[in-house]
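Work through the exercises below with the sequence and the 3D structure in view. Try each task before reading its solution.

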Amino acid sequence: MTTANAPRQVTVSIEGVAGPATFSRLPDALAALWRSLRMLPLGWTQYDAYRAFFGPGVVERVEAALARDGQLAMTFTMAGRSHVVRVVPTQPADRTRDRTAHHG
């Protein structure tokens, strides 16, 4: 990610379809998410909307959403049920090491 305070990992999921998966790079996470979404029977309108969103500039759009809102959540309907697509920053498990490394 390009922002200075960007998370080191990102977790993506599709509610009721694909459980959480964590990636060390946002572009890899978004590519995997799009691969999963495009295989679903979304219907043309929803498919076109997601294809447009995940097209050129997707990393910058998602980075902006994460900086603004802390996560990205989008919905779609499939088989009469709403599903939430999430992109959530994952903080490192132990940030103490990062702080103490500068005091040595």
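A polar contact is a pair of N or O atoms within 3.5 Å; within protein, one atom must be able to donate a hydrogen and the other to accept it, and residues adjacent in sequence count only if both atoms are side-chain atoms. The model is predicted, so local features need a pLDDT of at least 70 and side-chain atom pairs count only at pLDDT 80 or more, while totals for chains, interfaces and linings use all residues. Residues are numbered from 1 along each chain as its sequence is written, and side-chain values use heavy atoms, with hydrogens and water left out.

**Exercise 1. Find where His-83 lies and what its side chain reaches.**

Solution. His-83 belongs to strand β4; helices (H or I, at least four residues) and strands (E, at least two) are DSSP runs, numbered from the N terminus.

Step 1: check its exposure. Buried means under 20% relative accessible area, exposed over 50%, and partly exposed in between (1.4 Å probe, protein chains only). With a relative accessible area of 4%, His-83 is buried.

Step 2: The backbone oxygen of Glu-15 lies 2.7 Å from the side chain of His-83.

Step 3: list the neighbours, where contact means heavy atoms within 4.5 Å. Not counting residues up to four places away in sequence, His-83 touches Glu-15, Gly-16, Val-17, Met-74, Thr-75, Phe-76 and Met-78.

**Exercise 2. Describe how strand β1 pairs with β4 and with β2.**

Solution. Step 1: recall the rule that two strands pair if DSSP finds at least two bridges between them.

Step 1: take β4 (residues 81-90), which runs antiparallel to β1 and is joined to it by 6 bridges. Gln-9 has Thr-90 of β4 as its bridge partner.

Step 2: take β2 (residues 18-23), which pairs with β1 over 4 bridges, in the antiparallel sense. In β2, Ala-21 stands opposite Val-12, and Thr-22 is the bridge partner of Thr-11.

Step 3: inspect the turn. β1 and β2 form a hairpin with 3 residues between them, and Gly-16 in the turn has a positive phi of about 75 degrees.

Step 4: ask why β1 is largely enclosed by the rest of the structure. The reason is that 5 of the 6 residues of β1 are buried.

**Exercise 3. Identify the residues that touch the most other members of the largest nonpolar core.**

Solution. Step 1: define the core as a set of buried Ala, Val, Leu, Ile, Met, Phe, Trp, Tyr and Cys residues joined through side-chain atoms within 4.5 Å.

Step 1: name the residues. The largest core has 24 residues, and Leu-37, Tyr-50, Phe-54, Phe-76 and Val-87 touch the most other members.

Step 2: assign the elements. Two or more residues come from each of β1, α1 (26-38), α3 (58-69), β3 (72-78) and β4. α1 gives the most, with 6 residues.

Step 3: examine one member. Beyond its neighbours within four places in sequence, Phe-76 is in contact with residues including Ile-14, Leu-37, Tyr-50, His-83 and Val-85.

**Exercise 4. State where confidence in the chain is lowest and where it is highest.**

Solution. Step 1: note that pLDDT is the predictor's confidence in each residue, from 0 to 100. The chain averages 84, and 81% of the residues score at least 70.

Step 1: compare elements. Confidence is lowest in helix α4 (residues 96-100), at a mean of 41, and highest in strand β1 (residues 9-14), at 96.

Step 2: Residues 1-5 have a pLDDT below 50 and 7 contacts beyond near neighbours in sequence in the model. Residues 93-104 also have a pLDDT below 50, with 1 such contact in the model.
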